[in-house]
Amino acid sequence: MGTGTVVSGRVRKDLSRTNPNGNIPPESRSNSRKKKIQRRSKRTLISPVQKLVDTCKKVFANAKSGTVPSQDNIQMLRAVLDEIKPEDVGVSPKMPYFRSKVTGRSPLVTYLHIYASHSFSIGIFCLPSSGVIPLHNHPEMTVFSKLLFGTMHIKSYDWVADSPQPSLDTRLAKVKVDLDFTAPCDTSILYPADGGNMHCFTAKTACAVLDVLGPPYSDPAGRHCTYYFDLPFSSFSVDGVAVAEEEKEGYEWLKEREEEPEDLTVTAMMYSGPTIKE
């Protein structure tokens, strides 16, 4: 209301300065143009993290379990993530989250919560050197991961569809990725049924990973986070499962863990980077 009143008042004032012919003086037109340019500049100065949130709202507007965004939307979000730098989200290798503490367990991993809704979530995993996020899944979700800095080993798997199982809690999976990645690198994307839906992270150096999940984990909706043991293909001999000898290293059995890994220590902290507006 206040802004509208001010604008309205200014317009009336400008009109009152017309010359005898009813035209607005040149200096008034010039001032008006400058003010329009200033207002336009203010509107376009959007922080990268705000742009990320706004883009996610568009991309995941109709997010449901198993629903994959259109390719146009995927590329739009990927382009936004590819441009984001550590300083855009307020993280730096100098922060205490990235310092290893000598203990008998894996280094503490910190999760910085940026934004969450029923359709998507955004956060940053901060891993000190040797930090590990054990093998886990992303059921019925599309996930974008952007390595902000550091070197990380990523190993990911996709299920082998319709493969016989040695037990109800063990399934055959094909290795999708087993490589070191060093920032800057392209944003990786995994889908509900392919792209490496199960993965684990191992920090070779201090690392920060910006994650976007759509839709996010939700126990009521059946999107539970499950952890796995990865076992060599030779661990089981199952009728109907045959892999050429030279390809066996590309397949492993993933067995569900009954409980969260004992060496997984994640603490949640609130994000303290640039402000996000609804």
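Colleague: How many aromatic pairs does the structure hold?

Modeller: This is a predicted model, and the structure holds eight aromatic pairs.

Colleague: What makes Tyr-111 and Phe-125 an aromatic pair, and why is the pair called tilted?

Modeller: Their ring centres are 4.8 Å apart, and rings pair if the centres lie within 6.5 Å. The planes stand at 55°; under 30 degrees would count as stacked and over 60 as edge-to-face, so the pair is tilted.

Colleague: Which parts of the chain does the pair of Tyr-111 and Phe-125 tie together?

Modeller: Tyr-111 belongs to strand β1 and Phe-125 to strand β2, so parts 14 residues apart in sequence are tied together. Tyr-111 and Phe-125 are both buried.

Colleague: Why is the pair of Phe-236 and Trp-253 called edge-to-face?

Modeller: The planes of Phe-236 and Trp-253 are at 75°, and over 60 degrees counts as edge-to-face. The centres of these two rings are 5.6 Å apart. Phe-236 sits in the loop between β10 (228-232) and β11 (251-256), and Trp-253 in strand β11, so this pair ties together parts 17 residues apart in sequence.

Colleague: Are Phe-236 and Trp-253 buried or exposed?

Modeller: Phe-236 has 28% relative accessibility; buried means under 20% and exposed over 50%, so Phe-236 is partly exposed. Trp-253 has 0% and therefore counts as buried.

Colleague: Which residues do ring pairs link into a cluster?

Modeller: The cluster consists of Phe-60, Tyr-115, Phe-120 and Phe-144.

Colleague: How do you know that Cys-207 is in no disulfide?

Modeller: The structure holds zero disulfides. For Cys-207, the nearest cysteine sulfur is that of Cys-185, 9.7 Å away, whereas a disulfide needs the two sulfur atoms within 2.5 Å. Cys-207 is buried, at 0% relative accessibility. Cys-126 is likewise buried, with a relative accessible area of 0%.

Colleague: How do you know that the span of helix α3 agrees with its number of residues?

Modeller: Helix α3 has 12 residues, 48-59, and at 1.5 Å a residue should span 16 Å. The expected span takes one less than the number of residues. The end C-alpha atoms of α3 are 16 Å apart, so the two values agree.

Colleague: Which residues of α3 are buried, and what do they pack against?

Modeller: Val-49, Gln-50, Leu-52, Val-53, Thr-55, Cys-56 and Val-59 are buried in α3. The buried residues of the helix pack against α4 (71-83), β1 (109-116), β2 (121-127) and β9 (207-214).

Colleague: Which residues touch the most other members of the largest nonpolar core?

Modeller: They are Leu-52, Ile-122 and Ile-124, in a core of 33 residues. At least two residues come from each of α3, α4, β1, β2, β4 (142-149) and β9, and α3 gives the most, with five. In soluble globular proteins, nonpolar side chains tend to be buried together.

Colleague: What is Ile-122 in contact with, leaving aside neighbours within four places in sequence?

Modeller: The contacts of Ile-122 include Leu-52, Val-53 and Cys-56, along with Tyr-111, Leu-210 and Val-212.

Colleague: How many helices and strands does the protein have, and how much of it counts as buried?

Modeller: The protein has four helices and 12 strands, and 40% of its 278 residues count as buried.

Definitions and conventions:
Residues numbered from 1 in each chain as written. Predicted model: local features only at pLDDT ≥ 70, side-chain atom pairs only at ≥ 80, totals over all residues. Heavy atoms only, no water. Buried < 20%, exposed > 50% of the residue type's maximum accessible area, 1.4 Å probe, protein only. Contact = heavy atoms within 4.5 Å. Core = buried A, V, L, I, M, F, W, Y, C linked by side-chain atoms within 4.5 Å. Phe/Tyr/Trp six-rings, centres within 6.5 Å; stacked < 30°, edge-to-face > 60°.
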